[in-house]
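Please view the sequence and the structure together while reading.

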Amino acid sequence: MKLKINTIDADQGQKVAIITGTGNGIGKATAELLLKKGYLVFGYSRTNKINHPNFTFTPIDLSDLGQVNDLTLPIISSNNVLLINNAATIGSIVPFDKKETSDIINEYNLNLVSPTILCRKFITTYTYQEKLLINIGSGAANSPIPSWSIYCATKAALDMLTQVIAEENHKNLRVFSVHPGIVDTNMQKTIRGTEEHLFPLLSKFTAYHSKNELETTTIAAQKLHYIIQNSNEFIKNILSIRDVNLK
Ligand SMILES: NC(=O)c1ccc[n+]([C@@H]2O[C@H](COP(=O)([O-])OP(=O)(O)OC[C@H]3O[C@@H](n4cnc5c(N)ncnc54)[C@H](OP(=O)(O)O)[C@@H]3O)[C@@H](O)[C@H]2O)c1
């Protein structure tokens, strides 16, 4: 069964954003900001709290590859399309030998296989349109953090996927992996809620919180928006929103 096909007869100049993980956190804040900036936004996650005339929500479990494979991206006439692969999970925070096979599979599917399939669908659906593809990465791609095995592995792979796509010079496509820094979301709450015997770096993450060092989702979304608006300025494909200074 194919999931919902949206045919949108927007004018060619209308900006369109397709965002995964709009249920909470960075994805929700980014969707809300882009709606304020006049985008048509298509959100994909398991739950939704956004209610806006220019927001179209499709419920989907992105760790279920059958659902991802069946997903058809909206057919739009606009010449300006953005995909943000944002949905991800930190996964079960346990030393590698304690990982359940079912968790390993779900975490790879949600964090890596599903965004990879969506990157390909995005490029092939909007061949002739101006496309901006943003994979939300993580500093964990470059840091082997104990008890985050699958998270680190998937984010490292997503960075490499981004770089290979960039090397291939696809028609009308710019592609980036954007690392958001440490942002105050449910993901950080989950990390702080782990027991120390399972997560040796727990005190580092509770300290970020107690010293108020977490970025808000509002600022993270604004910095992401700066990158979206000024994507021609950036030469590297792997970016950190920490490098963006909002005036
Ligand atoms: N927060 C940080 O400090 C931080 C740091 C580095 C990178 N990141 C990255 O930033 C991105 C957003 O993270 P966040 O901090 O905003 O996390 P979050 O608050 O946990 O949000 C995760 C988002 O993904 C969606 N999602 C989770 N499982 C899903 C599934 N099976 N199917 C569909 N959607 C699913 C959630 O919506 P539903 O629950 O409604 O499905 C939610 O919108 C992720 O890629 C994360 O790796 C975050």
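## Strand pairing

Strand S3 (residues 40–45) runs parallel to S4, and five bridges join the two. Within this pair, Phe42 stands opposite Thr56 in S4. Strands are DSSP runs of type E with at least two residues, helices are runs of H or I with at least four, and both are numbered from the N terminus. Two strands pair if DSSP finds at least two bridges between them.

The model is a predicted one, in which local features need pLDDT of at least 70, side-chain atom pairs count only at pLDDT 80 or more, and totals for chains, interfaces and linings use all residues. Residue numbers start from 1 along each chain as its sequence is written.

## The sheet

Seven strands, in the order S4-S3-S2-S6-S7-S8-S9, form an open sheet with parallel pairing. Strand S4 (55–59) and strand S9 (238–240) are the edge strands, each pairing on one side only. From one strand to the next, the twist averages 20 degrees.

Helix H4 (residues 149–167) packs on this sheet and touches strand S7 (130–136), strand S8 (173–179) and S9. The direction of H4 makes about 160 degrees with that of S8; angles run from 0 to 180 degrees between N-to-C directions, and axes are lines fitted to C-alpha atoms, for helices over the stretch in contact.

## Two crossing helices

The axes of helix H1 (residues 25–36) and helix H7 (residues 217–229) come within 8 Å and cross at roughly 60 degrees. The contact includes Ala29 and Leu33 of H1 and Ala221 and Leu224 of H7, where contact requires C-beta atoms, placed from the backbone, to lie within 7 Å.

Definitions and conventions
Two residues are in contact if their C-beta atoms, placed from the backbone, lie within 7 Å.
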